[in-house]
Amino acid sequence: MATGEPYAVEALQVSKRFGAQRALDGVTLRVRRGEVYGILGPNGAGKTTLIRSLVGLIVPDGGTVAVLGRRMPSLDILARVGYMTQQAALYPDLSAAENVRFFAEIYGADGGVREALEFVDLWDRRDSVVSNLSGGMRTRCSLACALVHKPDLLLLDEPTVGVDPQLRVQLWDRFQRMAREGAAILVSSHVMDEAERCDRLGLIRFGRLLAEGTVAELKRQAGVERLEDAFLKLSESSAA
Amino acid sequence: MSRRRVAAITRRLLQQFRRDRRTLALLFFAPLVILALLGYLLRGGGSVPTMGVANLDTGPLGGVVASQLERSNTVSATNMSQADAETKLHNGDLAGYVVLPPDFSAQAQQARVVAPDVRLEGSQPGLSGSILQAVSQSFTALASTAGVHFEPRVTYLYGGPNFDTLDYFGAAFVGLVVFFLVFVITAVAFLRERGQGTLERLMASPLRRPEIVLGYMLGFTVLALIQSAEVLAFSLLVLHVHNSGNVALIFILEALMAIAAVNLGIFLSMFARTEFQAVQFIPLVIVPQILLAGIIFPVSTEPRLLQVLSHVLPLTYAVEGMRNIMIKGADLGWSSLQLDFGVVLGFAVLVILAGATTLRRRIA
């Protein structure tokens with residue numbers, strides 16, 4: 001905000017209940033452009049709910065969400081956001097290229113299909129029907145669909161679940177490359193070692209943001225060497 | 001073969017259904033609904049075909065036949081003038097009428113032949129049959145006492161003597177086949193969109209809901225139109241289903257039904273979570289409509305209560321519209337066809353709105 005540029009994501013005191021369960025409990029979080037922000041937390045912590053509320057799929061019970069300087073929900077701003085769901089959401093009867101082209105058109109992007117497919121190393125398999133692709137290839141194709149329109153904000157919901165270690169390294173290289181080119185990337189994960197590659201991290205549990213900062217800051221705050229221990233220690237101390 | 005393994009599969013299956021209340025309800029509730037409906041349709045004291053009797057006979061026999069007809073319980077006959085009867089036939093109030101000519105008694109006594117004019121509306125073979133049967137029965141008393149021959153001269157307002165059951169059903173089915181197939185395919189396609197997660201993706205994109213609905217509508221309409229053309233060509237060219245109307249008009253009505261079906265599919269898919277559940281709509285939504293829309297049983301002969309229900313169902317008007325065009329050769333100048341088109345169009349608009357507004361809730 002100091003530079004006058006709005007945050008890519010600014011969530012203030014966001015709360016959401018599903019029946020008796022508090023999925024989000026007053027989460028405040030800001031993501032800047034050019035950074036990879038990781039939301040780290042166990043299953044059911046509220047990571048997906050948080051991401052879905054950022055794209056307007058969930059209307060929070062309390063608090064406000066602003067994306068790229070605009071209060072959500074806003075369809076216009078969604079054209080500048082890329083969203084990759086946890087499950088590789090693709091049309092199985094279409095080829096990889098057809099899937100990417102479809103999302104390019106939905107987002108009003110001209111071209112970029114080749115670039116996106118090359119970015120995820122799928123250009124050679126562009127004419128393969130998605131149902132014939134392996135799980136890892138589908139994940140990459142799904143990522144290509146999410147970034148074909150060169151979004152300013154990319155939301156990735158556990159993008160590396162079920163992805164082999166080699167591919168995981170590749171994907172993270174790409175996320176960091178995109179961030180260096182000016183995009184904001186918000187990625188959720190429950191895997192600690194990939195959290196180390198985020199510029200900043202938010203620890204989330206029981207719908208609450210327990211701690212926030214760089215990896216080094218979090219370790220220092222908890223006074224431990226490993227991020228995993230930091231996570232455990234910080235969630236204990238906040239529960240107490 | 002292990003008994004234990006077989007039993008494990010059986011038990012698992014029953015356990016699954018215990019949690020799937022919906023399928024259970026369908027399994028045990030739907031047949032009762034369908035059978036009860038069928039029972040009520042067939043035994044619920046539905047009305048019999050209405051016919052007119054124009055007795056012009058100067059002698060005594062005409063009166064005998066007329067009162068015989070009026071007492072009949074297979075038709076509901078009323079005395080009226082020939083002009084009245086013809087008007088009512090055109091309005092669809094009568095399924096037919098019989099004219100007993102002025103020399104009816106004289107002919108019967110002198111020539112030993114009775115030749116009444118029987119005029120039938122003709123678009124519904126079942127009703128025509130009932131009337132012919134009732135008329136001939138009313139003469140049997142006469143024939144046995146006087147020994148006269150019965151030679152009715154039958155003319156038809158629509159169709160003709162060669163008009164058969166296929167002509168009657170064909171007209172309705174040309175529209176129905178398209179309506180139901182498009183409905184099921186859209187519902188399944190929409191659920192697939194949801195199941196594979198792409199709907200969530202679309203909802204997080206700048207797409208507006210009406211754009212999704214319109215895009216779906218156009219896509220399926222293309223398929224439905226090709227299907228309509230195919231069904232129509234097959235019915236007319238291969239099966240030689242009777243058609244006295246404008247083929248373009250049939251096609252437009254089919255297209256309207258297809259558009260309504262697409263949106264009904266989108267709308268109803270909201271009440272299903274899986275493709276399996278979408279298929280479950282068939283016995284609950286489709287079968288009762290087939291029974292009540294006048295496809296098999298003419299609406300005019302249904303029990304009163306069911307007639308009310310039939311007149312609420314848009315499909316009734318679609319079926320009637322198809323028959324108006326194909327059997328009666330109706331064009332858009334006919335007020336009855338205007339009503340049919342109006343209802344189908346109104347229904348299409350209604351489900352388009354319903355589809356678009358419920359789309360939001362489907363995602364959450």
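Analyst: Two residues are taken to be in contact if their C-beta atoms, placed from the backbone, lie within 7 Å. This is a predicted model, in which local features need pLDDT of at least 70 and side-chain atom pairs count only at pLDDT 80 or more, while totals for chains, interfaces and linings use all residues. Residues are numbered from 1 along each chain as its sequence is written, and chains are lettered from A and ligands numbered from 1 in the order in which they are written.

By the contact rule, and leaving aside neighbours within four places in sequence, Ile185(A) is in contact with Val36(A), Tyr37(A), Leu154(A), Leu156(A), Phe175(A), Met178(A) and Ala179(A). Ile185(A) belongs, with Ala144(A) and Leu155(A), to the residues that have the most contacts inside the largest nonpolar core, which has 135 residues. The largest share of this core, 14 residues, is supplied by helix α10 (residues 247-268) of chain B. A nonpolar core here is a set of buried Ala, Val, Leu, Ile, Met, Phe, Trp, Tyr and Cys residues joined through C-beta atoms within 7 Å; a residue is buried if 20 or more other C-beta atoms lie within 10 Å of its own, exposed if 12 or fewer, and partly exposed in between, with C-beta atoms placed from the backbone. Helices (H or I, at least four residues) and strands (E, at least two) are DSSP runs, numbered from the N terminus. In soluble globular proteins, nonpolar side chains tend to be buried together.

Helix α10(B) also has a partner in helix α9 (residues 209-238) of chain B: their axes come within 9 Å and cross at roughly 135°, which makes α9(B) oblique to α10(B). Axes are lines fitted to C-alpha atoms, for helices over the stretch in contact, and angles run from 0 to 180 degrees between N-to-C directions; those under 35 degrees count as roughly parallel, over 145 as roughly antiparallel, 65 to 115 as roughly perpendicular and the rest as oblique. Among the residues that make this contact are Phe220(B) and Ala224(B) of α9(B), and Ala255(B) and Ile259(B) of α10(B). By class, the contact of α9(B) with α10(B) has 14 nonpolar, three polar and one charged residues, where Ala, Val, Leu, Ile, Met, Phe, Trp, Tyr, Cys and Pro count as nonpolar, Asp, Glu, Lys and Arg as charged, and the others, Gly among them, as polar.

Another residue of chain B, Val344(B), sits in helix α15 (residues 335-363) and counts as buried because it has 25 C-beta neighbours inside 10 Å. Beyond four places in sequence, the contacts of Val344(B) include Leu253(B), Met257(B), Ala260(B) and Tyr317(B).

Elsewhere in chain B, helix α2 (residues 21-43) and helix α12 (residues 281-292) pack at an angle of about 5°, with their axes 10 Å apart, and are therefore roughly parallel to each other. Leu26(B), Ala30(B) and Val33(B) are among the α2(B) residues that meet α12(B), whose side includes Pro283(B) and Leu284(B); the residues of this contact divide into 12 nonpolar, no polar and no charged.

Between the chains, 15 residues of chain A are in contact with 12 residues of chain B. The side of chain A that touches chain B has 12 nonpolar, two polar and one charged residues.
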